[in-house]
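Open the structure in your viewer and keep the selection tool at hand. The stops below are given in the order in which to select them.

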Amino acid sequence: RALRLISAYRSGVLAGEVILGIPPTLSAILTAPVVERFTQAYPQVFLRVAVGISEMIRDKVVSGEYDIGVILASEQTGPLLSEPLLTEPMYLVGRANAWPAASGPVDAEAVGQVPLLLTSAPNGIRSLIEDYMHAAKQRLTVRAEMNSVSLTINAIARGAGFTVLPRCALAEL
């Protein structure tokens, strides 16, 4: 999945408060280093970090409610400035004893054969999975959906099925 940084900020001196929107899957690995570097570089500026899905972040940057945001590259940015930030791999995640031994990439056909627990729509990760499966002419077998990656991971750990997540969502595992 590809991510990009968006901003309505064009030029001038940072002053007052800056609001950064960040997706929940990135918040665990990106927030602390960003807060550390930002507060050191701009000690007179108050930084507010808001966690939310890419679509919401984009809309809040467009409306001026957020100053800057990190969103999925697949989101339309309209009049906003954007910069590529990173590209990361996606992983099929489940209990090891529930999946036949495999080492290496898993194809769409294999993903279509396992019971999936996915994030609720609208969600950028969910859209990427659906687009990938549609392009491969494969159907998803969705058994449950949740609006929280941590809830999904907890259910997967208990053996409830599988999910597909980017590496950053799995950083704490």
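Begin with Ser120, which touches Arg126, Glu145, Met146 and Asn147, leaving aside residues up to four places away in sequence; contact means heavy atoms within 4.5 Å. This is a predicted model, in which local features need pLDDT of at least 70 and side-chain atom pairs count only at pLDDT 80 or more, while totals for chains, interfaces and linings use all residues. Residues are numbered from 1 along each chain as its sequence is written, and side-chain values use heavy atoms, with hydrogens and water left out.

Ser120 sits in the loop between β7 (116-119) and α4 (124-135). Helices (H or I, at least four residues) and strands (E, at least two) are DSSP runs, numbered from the N terminus. Is Ser120 buried or exposed? Ser120 counts as buried because its relative accessibility is 18%; buried means under 20% relative accessible area, exposed over 50% and partly exposed in between (1.4 Å probe, protein chains only).

Next, select Lys137, in the loop between α4 and β8 (142-146). Lys137 is exposed, with a relative accessible area of 75%. Its phi is positive, about 55 degrees, although Lys137 is not a glycine. Most residues other than glycine have a negative phi.

Now select helix α5 (residues 149-157), whose buried residues are Val149, Thr152, Ile153, Ala155 and Ile156. Viewed down the axis of α5, these fall within an arc of 160 degrees, so they line one face of the helix; the arc is that of the directions from the helix axis to the C-beta atoms. Their cover includes α1 (24-41), β6 (90-93), β7, β8 and β9 (163-166).
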